[in-house]
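Subject: Structure handover

Hi,

Here is the structure I promised you. Please load it first, then read the notes below.

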Number of protein chains: 2
Amino acid sequence: MSPGALPGFRDFYPTELAERSFIFGGWREVAREYGFVEYDGPPLEPLDLYTKKSGAEIVDQLYNFTDKGKREVALRPEMTPTLARMVAARANAMRKPVRWFSIPQLFRYERAQRGRLREHFQLNMDIVGEADVSADAELIASAIDAMRVFGLTNEDVVARVSDRRLLNALLRGIGVPEQQLGAAYAALDKLDRDPRDVLEQRLETAGVGSEPRARLFELARAAANESDFARLVRDAGASAEYDELRRYLAHTEALGVRDWVRLDLSIVRGLAYYTGIVFELFDAKGELRAICGGGRYDTLLESLGGVSLPALGFGMGDVVLGELLRARGKMPPAAPALDVWVAYGESGSVESAMRVAAKLRARGRSVEYALGHQKLARQLKAAHAAGARQTVVVATPELSDGEAMVRRMADGGEQKVQLDAWIASE
Amino acid sequence: MSPGALPGFRDFYPTELAERSFIFGGWREVAREYGFVEYDGPPLEPLDLYTKKSGAEIVDQLYNFTDKGKREVALRPEMTPTLARMVAARANAMRKPVRWFSIPQLFRYERAQRGRLREHFQLNMDIVGEADVSADAELIASAIDAMRVFGLTNEDVVARVSDRRLLNALLRGIGVPEQQLGAAYAALDKLDRDPRDVLEQRLETAGVGSEPRARLFELARAAANESDFARLVRDAGASAEYDELRRYLAHTEALGVRDWVRLDLSIVRGLAYYTGIVFELFDAKGELRAICGGGRYDTLLESLGGVSLPALGFGMGDVVLGELLRARGKMPPAAPALDVWVAYGESGSVESAMRVAAKLRARGRSVEYALGHQKLARQLKAAHAAGARQTVVVATPELSDGEAMVRRMADGGEQKVQLDAWIASE
């Protein structure tokens with residue numbers, strides 16, 4: 001946390017900004033490869049954009065207030081409602097499927113937890129207007145490539161996949177009635193965190209019978225083994241839904257990401273939100289929170305913005321990904337970016353350096369020189385401190401007119417050059 | 001304005017986002033050439049960060065509220081207070097001069113004016129820790145190069161420069177006492193907008209005598225003519241201050257931007273804020289609001305953050321610059337960015353396209369294909385609509401194993417290729 005900044009908000013000093021830019025750069029590269037185009041919306045939106053989707057409870061977690069025009073507004077906690085609003089306004093004119101991405105900064109008023117941030121940046125990639133599972137495969141492939149682009153492999157990251165439609169069919173098949181589905185989902189969601197007897201107790205309280213309870217736990221385990229799972233699916237009469245999922249998995253194979261993907265029915269995510277395949281990306285060691293989560297939300301756009309289009313998307317935050325990249329040594333150190341330092345000797349002045357700097361900058365080089373008036377020795381020290389790749393010295397008594405001395409800073413190698421010719425070759 | 005967005009807030013659809021990225025890209029290029037490194041701070045800050053600098057009146061123009069932790073907070077209306085806070089926290093550890101830039105989104109609750117925005121993005125470039133005028137020259141050169149990078153010339157944009165120290169000396173020299181300097185500045189500021197008799201009246205009301213009033217107007221005009229101006233300066237006993245300004249102008253010559261710069265004593269800017277050279281960039285036709293404004297504020301950091309360092313900087317908004325670029329035909333149309341569309345014929349399936357897409361993306365190409373299941377003719381239509389540079393067709397009965405047909409979309413030229421060899425050459 002930074003002195004003077006609000007708790008939960010980050011200052012990005014140049015080193016941290018360079019890391020942020022590295023992450024954003026990788027994300028934009030992958031989005032481009034997948035044909036996604038960037039959009040953005042306002043960081044401040046009408047409050048009801050969020051309560052419409054998530055109910056009034058969400059307000060507790062928002063930065064919301066009444067503006068000077070008496071409007072109820074909130075800093076955006078997520079991007080999907082803005083996406084829904086924007087797509088709805090131009091849905092007819094847009095080529096489908098829409099492939100859009102954005103990297104918004106999002107805000108949540110999390111109750112005080114040590115080190116918990118109240119803002120983060122999140123890559124959002126969404127496909128709007130395609131109901132087929134090939135879109136689901138395309139989406140998860142892009143999320144996985146957003147790992148590969150940073151040099152992460154499937155030994156670093158696992159993609160866990162579930163399918164809301166298949167799971168519903170399985171749960172019904174093992175005897176969980178519609179009104180108990182919520183309790184079943186809640187138990188699945190806590191499978192890794194709470195002991196089995198606690199979960200059993202909760203399911204019993206919710207009215208789930210002992211036979212469906214036992215089969216629920218079997219079901220969650222069975223996903224790891226394809227033939228066990230196929231039997232369960234047959235028994236539950238969920239073959240049609242399973243065929244869809246298998247087609248999806250075959251597509252991930254064709255897209256070269258199958259070996260990152262693991263079927264895991266305990267991936268639940270937003271209950272009221274997702275309608276089909278859902279997925280999360282985790283670090284393989286299980287030490288961090290989820291890197292990414294998303295899935296298909298075919299009914300959400302209509303409920304939010306009034307346009308009925310199938311859609312799917314994911315969000316990937318910068319914080320957990322940054323932690324993972326640093327932990328795996330994949331975050332490059334901020335390299336000195338200065339191409340040339342220009343220094344002048346006693347036969348010149350700062351303007352001697354300025355003229356050279358202007359010419360080099362016109363050729364796209366990054367250039368600094370000592371502002372004010374400094375002795376050459378001090379200028380050379382400053383060149384070192386700046387991490388310049390090379391220093392060009394002009395206007396010393398040893399140099400004839402039009403000459404300069406170029407020093408490679410890495411090894412100190414020096415070379416006398418004709419200044420203009422050297423600039424032209426830079 | 002966008003339907004559903006708050007008044008004064010912009011939605012950035014892909015076309016507008018591409019324009020924004022074009023502007024940000026140019027800005028980052030110039031900042032890099034000048035050795036500036038990027039930083040950022042939180043968009044939400046403690047309210048008193050702004051009232052400390054601008055007084056309680058500023059609150060009327062802010063998006064401010066009380067957060068759920070009872071903190072008084074505001075969406076940032078400008079970046080300098082954040083810069084001051086961040087620099088103060090690490091001032092000792094930083095190499096001086098600090099060359100920092102940022103592109104924050106800024107927020108002001110402007111009272112309802114048609115089409116007036118309540119947010120914009122602003123390039124901020126600041127130099128901290130250098131009192132010499134060479135830093136002032138370096139700064140304005142970077143602002144001017146932020147015009148040149150977009151193809152604008154000094155026929156499009158004028159930089160108007162004044163010097164707070166020189167002006168103070170001149171005003172004192174022509175008989176404006178200290179306590180009337182504010183009134184004199186206010187008159188200069190309105191020189192182009194209000195009729196002379198109105199200004200005279202105001203100056204008289206403020207107690208400025210008739211002799212100083214007459215010389216004030218003479219002074220403002222005289223800046224256009226160097227020998228007139230030199231005489232005025234001598235008469236006013238402001239030669240030392242004028243020498244500094246002339247050194248600055250000579251530096252702008254060395255930096256290759258002198259022919260953009262015009263001395264103009266009516267450039268006033270924030271009264272309590274600036275301490276030396278100030279400048280603004282305007283479109284030469286005078287049709288738009290200022291493109292950029294800045295100057296030296298040597299006492300501000302201390303008054304804000306407790307660190308006494310000379311400093312100077314400018315802010316350049318994205319809105320007026322965008323208007324100018326569009327008016328001068330310098331805003332490039334959003335080009336189709338898709339390298340390859342992959343289509344498949346009746347001997348294949350969507351997975352045939354997926355395999356090719358994955359290979360091309362691994363080589364950094366941007367690739368789309370038709371999701372779901374579509375006839376080849378429809379896929380080719382989609383390739384056109386997507387603006388793909390080329391289309392590669394696989395799995396038609398006419399193609400042997402490993403073959404593909406590549407079509408350049410610009411001229412329809414087709415070529416049968418060995419798929420893997422073609423991918424490797426892409």
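Between them, chain A and chain B bury about 7100 Å². Carbon and sulfur atoms account for 58% of that area. Keep in mind that this is a predicted model. I quote the area because the size of an interface is often given as the accessible area lost when the parts come together.

Which residues of chain A lose the most area to chain B? They are Y13(A), K68(A) and L371(A). Together they make up 11% of what the chain A side buries. The contact draws 88 residues from chain A and 88 residues from chain B.

Next, the symmetry. Two copies of a chain are related by a rotation about an axis and a shift along it. Here the turn is 180° and the shift along the axis is 0.0 Å.

Chain A: helix α1 (residues 14–33) and helix α12 (residues 318–327) of chain A. Their axes come within 11 Å and cross at roughly 105°. Angles of 65 to 115 degrees count as roughly perpendicular, so α1(A) and α12(A) are roughly perpendicular to each other. From α1(A), the residues in contact are E19(A), F22(A), I23(A) and W27(A). They meet D318(A), L321(A), G322(A), L325(A) and R326(A) in α12(A). By class, this contact of α1(A) with α12(A) has five nonpolar, one polar and three charged residues.

Chain B: helix α5 (residues 164–173) and helix α6 (residues 181–189) of chain B. These two pack at an angle of about 115°, with their axes 11 Å apart. That makes α5(B) roughly perpendicular to α6(B). The crossing of α5(B) past α6(B) is right-handed. On the α5(B) side, the contact involves R164(B), L167(B), N168(B) and L171(B). Facing them in α6(B) are L181(B), A184(B), Y185(B) and L188(B). The residues of the α5(B) contact with α6(B) divide into six nonpolar, one polar and one charged.

Over to you.

Best regards

Technical notes
Residues numbered from 1 in each chain as written. Chains lettered and ligands numbered in written order. Predicted model: local features only at pLDDT ≥ 70, side-chain atom pairs only at ≥ 80, totals over all residues. Heavy atoms only, no water. Axes fitted to C-alpha atoms, helices over the stretch in contact; angles between N-to-C directions. Helix = DSSP H or I, 4+ residues; strand = E, 2+ residues; numbered from the N terminus. Parallel < 35°, antiparallel > 145°, perpendicular 65-115°, else oblique. Left-handed = near helix turned anticlockwise from the far one by under 90°. Contact = heavy atoms within 4.5 Å. Nonpolar A, V, L, I, M, F, W, Y, C, P; charged D, E, K, R; others polar. Least-squares fit on C-alpha atoms with pLDDT ≥ 70 in both. Buried area = accessible area lost by both parts, 1.4 Å probe.
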